[in-house]
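Thanks for coming. I will walk through one structure, taking it a region at a time. Please have the sequence and the model up while I talk.

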Amino acid sequence: MSNTPMAANPLTRAVLEIDEYASGLGWDQPARLFALVDTARLRTQEPALATQLGLEDEPGAAGLTPIEQDEIPADRPLDEFLATIAWPDAVAGCALTVERLMLPPSAESQVPQGLSEKKLAAWVAEHPDRQEVRMTVAVLRDGARESALRLREKDSPTEVLTGPDLVPGLAEALVATFED
């Protein structure tokens, strides 16, 4: 994607490319799952697909190509859905983009104790300091990980925070999709 900044790490580039794609779709979107495949291997083994994805013009380019998967079922908890995934050997990694509400650390002391998950979500949704965030998390089979976070109130490509440990729980759930 043309506006994706060049990052030294192919995994970071893939995360930023997915973040840019999700940004182009706007907010209030469902979670989206992507397979990450080695671009050079894709060009060699699946030339028709590489052409369809517009990858034939960059024969020397290395990296990872994100391929969006079927829609994630909305009626199923995300963790349960991820536990059902098994990737073929051709998939080098995977990524997930999901929107959530989050509170600043200063609000932690205000969280009522003993709320069910549903009631806690409602409480967070009503909190005046809540922030809408889009999280894109990617992992490779070898355990490497990268994340991108974008706040709705600062929805700009220059305001995307990246790092390997921004959403550790989601990264662990994605790594588990590669375990036997």
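I start with Ala107, which sits in the loop between β3 and α5. Helices here are DSSP runs of H or I with at least four residues, strands are runs of E with at least two, and both are numbered from the N terminus. Ala107 is buried, at a relative accessible area of 0%. Buried means under 20% relative accessible area, exposed means over 50%, and partly exposed is in between, with a 1.4 Å probe and protein chains only. Between Ala107 and Asp129 there are 22 residues in sequence, and their C-alpha atoms are 7.7 Å apart in space.

Before going on, a word on the source: this is a predicted model, where local features need pLDDT of at least 70 and side-chain atom pairs count only at pLDDT 80 or more, while totals for chains, interfaces and linings use all residues. Residues are numbered from 1 along each chain as its sequence is written, and side-chain values use heavy atoms, with hydrogens and water left out.

In soluble globular proteins, nonpolar side chains tend to be buried together. The largest nonpolar core here has 28 residues, and those with the most contacts inside it are Leu33, Trp87, Leu96, Leu170 and Leu174. The elements giving two or more residues to this core are β1 (32-38), α4, β3 (93-102), β4 (131-140) and α6 (168-176). By core I mean a set of buried Ala, Val, Leu, Ile, Met, Phe, Trp, Tyr and Cys residues joined through side-chain atoms within 4.5 Å.

What does Leu170 touch, leaving aside its neighbours within four places in sequence? Leu170 is in contact with Leu78, Leu82, Leu96, Val98 and Val137. Contact means heavy atoms within 4.5 Å. There is also a second, separate core of 13 residues, which includes Val15, Leu16, Ile18 and Ala95.

Phe81 is in helix α4, residues 78-82. Is Phe81 buried or exposed? Its relative accessible area is 13%, so Phe81 counts as buried. With neighbours within four places in sequence left aside, the contacts of Phe81 are Leu33, Ile72, Pro73 and Arg76.

Now Glu99, in strand β3. Glu99 is buried too, with a relative accessible area of 17%. Where does its side chain go? A polar atom of the Glu99 side chain lies 2.8 Å from the backbone nitrogen of Asp28, and the side chain also reaches the backbone nitrogen of Gln29 at 3.2 Å. These are polar contacts, meaning pairs of N or O atoms within 3.5 Å; within protein, one atom must be able to donate a hydrogen and the other to accept it, and residues adjacent in sequence count only if both atoms are side-chain atoms. Leaving aside neighbours within four places in sequence, Glu99 is in contact with Gly26, Trp27, Asp28, Gln29, Val133 and Arg134.

Asp28 itself lies in the loop between α1 (10-25) and β1. At 56% relative accessibility, Asp28 counts as exposed. Most residues other than glycine have a negative phi. Asp28 is not a glycine, yet has a positive phi of about 65°.

The structure holds one cavity of 30 Å³ or more, and the largest cavity has about 50 Å³ of space. Its lining is Ala22, Gln29, Pro30, Arg32, Thr97, Val98, Glu99 and Arg134. On a 1 Å grid over the protein atoms alone, a cavity is a set of points where a 1.4 Å probe fits but cannot get out, a pocket is an open set with protein on both sides within 12 Å along at least five of seven lines, and lining residues have an atom within 4 Å of a point. Grid points are joined across faces, edges and corners, and a volume is the space filled by probe spheres set on the points.

The largest pocket has about 730 Å³ of space. Its lining has 21 residues, with Val98, Glu99, Arg100, Leu101 and Glu117 nearest the centre. β3 gives the most to that lining, with five residues.

Last, Arg145, in strand β5, residues 145-151. The side chains of Arg145 and Glu172 are joined by a polar contact of 2.7 Å. Arg145 and Ala95 are 50 residues apart along the chain, with their C-alpha atoms separated by 9.4 Å.
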